[in-house]
Amino acid sequence: MFDSIRRSVGTASLVAVLVFISGCKQEGPASTAYPIASAPPVEVEPLKPTKLELPPLFRDVEKRTFQFFWDTTNEVNGLTPDRYPSRPFASIASVGFALTAYPIGIENGWVSRRQAVDRTLTTLKFFRDIPAGSQAEGKGAYNGFYYHFLDMDTGARYQSWVELSSVDTALLMMGVLFAQSYYDRDDPREKEIRDLADTLYKRVDWTWLQRNAPLISMGWFPESGFIQHDWTGYNEAMMLYILALGSPTHPVAPESWSVWTRTYNDSWGVYQGEEYLSFGPLFGHQYSHVWIDFRGIQDDYMRERGIDYFENSRRAAYAQRAYAIANPMKWKDYGPEVWGLTASDGPQQTLQEFRGEQRQFRHYSARGAGLRDTFDDGTIAPTAAIASLPFAPEIVIPTTVALHERYGEYLYSSYGFLDSFNRSFDFDIPLKTGRLVPGEGWVASDYIGIDQGPILAMISNYRNDFVWNVMKRNKYVRDGLQKAGFKGGWLEPVAEGEAAPTQPKPQTKAEKDAATARALGEAESRVNRASQTPQPAPAQEPKTK
């Protein structure tokens, strides 16, 4: 969000990625590493063929979270606020989640199909007509991309610190294409939705942001040009590259995917007993999965490792829970039923003494636990666990129930779970947002659209694969996946009466032990190689004649 922050961190670093997804301005140091402790290994069991039953609480969470999008969106133009009740600007990513929420509301009887069609048409027409151009003010789009944050009324770029965002445009387009595939009736207004979606998607000139082709830049500023960082490393940009590959008008070259996945190398390894492709905050393991069912389909990278991206996200959820059980920083309440680090609100950018040492706390920030991007200030976000429901229901369901039972009195309200809470933060200082609950610590005062959206969609996916099944009908998403080299599962023709295989391959105990030994061996080899590297000879004094 701030160019100075973008320049201060590496391309694949956590903060550089997260700054573009955040709902607020990022402050303070770019990254902080904390010691890693391992809990006793927890066996990751394969998903059961019969789903665990969801407690009634989940239906209430769904309804309240849906109402967030329905109630807070501007009825006149379809813009959804980045956050609520403090709602200074709209987020195009929130709009993408809202467009996905409306059909979920239809299917559950919370709104009529006519109401949802009205709202969707209003939204798509507004985005079609937003003033576009390279000027710094008064425009909301350029070359098919949209500014990350827009004025809630006019749709113009919110302020000069807001970038034309590639990944947030991708989040918006996932919602747009979802609407295209859902509204499939032979009705003039539903046909108009499909046509508008086609227009918006085909406008996006993905190749324009390829400053370092075949990679894609994070965005552009009218004042300074292209953002210097490209999308590299494993993160939520999977959907960005898939959409760019599937474009019928401005597609990126197929090698974009292979080059991008080659930047994964520093992210694969063993963390908290799990061998997987790591990204610290859980949103990176969730966002693309909101719309795309990765069960049973693999690209070249995952074929080499014998799993799929769905199983990878399952292991990421287990690793975060194991980290919370280990709790190396001794935050209050962390444990098997209180875990979940992602991008979320926090109390304040400040240094405070906790357990006899100075600890850094943040306002809105990336929080996560992983191989190379761990930041943890005691702030738990309910969306981190709940949006992992399809991956690991046996650990997510008890966590969701526990969060509601233990903290619901102040954490659960009109639109479901507030964004985050921190039981360890009880310092009497001015807060950036949220409030202190006597004896309970800090709790957020806002709901954030990009955290609400995955909660609603992933509960829906767990119940009946709803969002996934709709998106499987979208030709552009299918084309993008196939051009990226994905094969198998639902992408392959299936004989009549047969179901496409969707069961991910679990990691057995023997495989976990072998992966841990392999990681330790590789680390030891690196140390040995470093110690054996010949040192340069000392410079000799020049000889005299």
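The charged end of R305 sits over the ring of W268, at 5.2 Å from the ring centre. Here, a charge over a ring means NZ of Lys or CZ of Arg within 6 Å of the ring centre and within 35 degrees of the ring normal. R359 likewise lies over the face of W331, 4.8 Å from the ring centre.

The model is predicted: local features need pLDDT of at least 70, side-chain atom pairs count only at pLDDT 80 or more, and totals for chains, interfaces and linings use all residues. Residues are numbered from 1 along each chain as its sequence is written, and side-chain values use heavy atoms, without hydrogens and water.

A search of the whole structure gives 51 aromatic pairs. Rings of Phe, Tyr and Trp (its six-membered ring) pair if their centres lie within 6.5 Å; planes under 30 degrees apart are stacked, over 60 edge-to-face, and the rest tilted. The Y264 and Y301 rings are edge-to-face, because their planes stand at 85 degrees, with centres 4.7 Å apart. Y264 lies in the loop between α9 (255-262) and β9 (268-271) and Y301 in helix α11 (residues 300-305), so the pair ties together parts 37 residues apart in sequence. Helices (H or I, at least four residues) and strands (E, at least two) are DSSP runs, numbered from the N terminus.

Y264 is buried, at 0% relative accessibility. Y301 is buried too, at 7%. Buried means under 20% relative accessible area, exposed over 50%, and partly exposed in between (1.4 Å probe, protein chains only). Ring pairs join both tyrosines into a cluster whose members include W257, W268, F294 and Y309.
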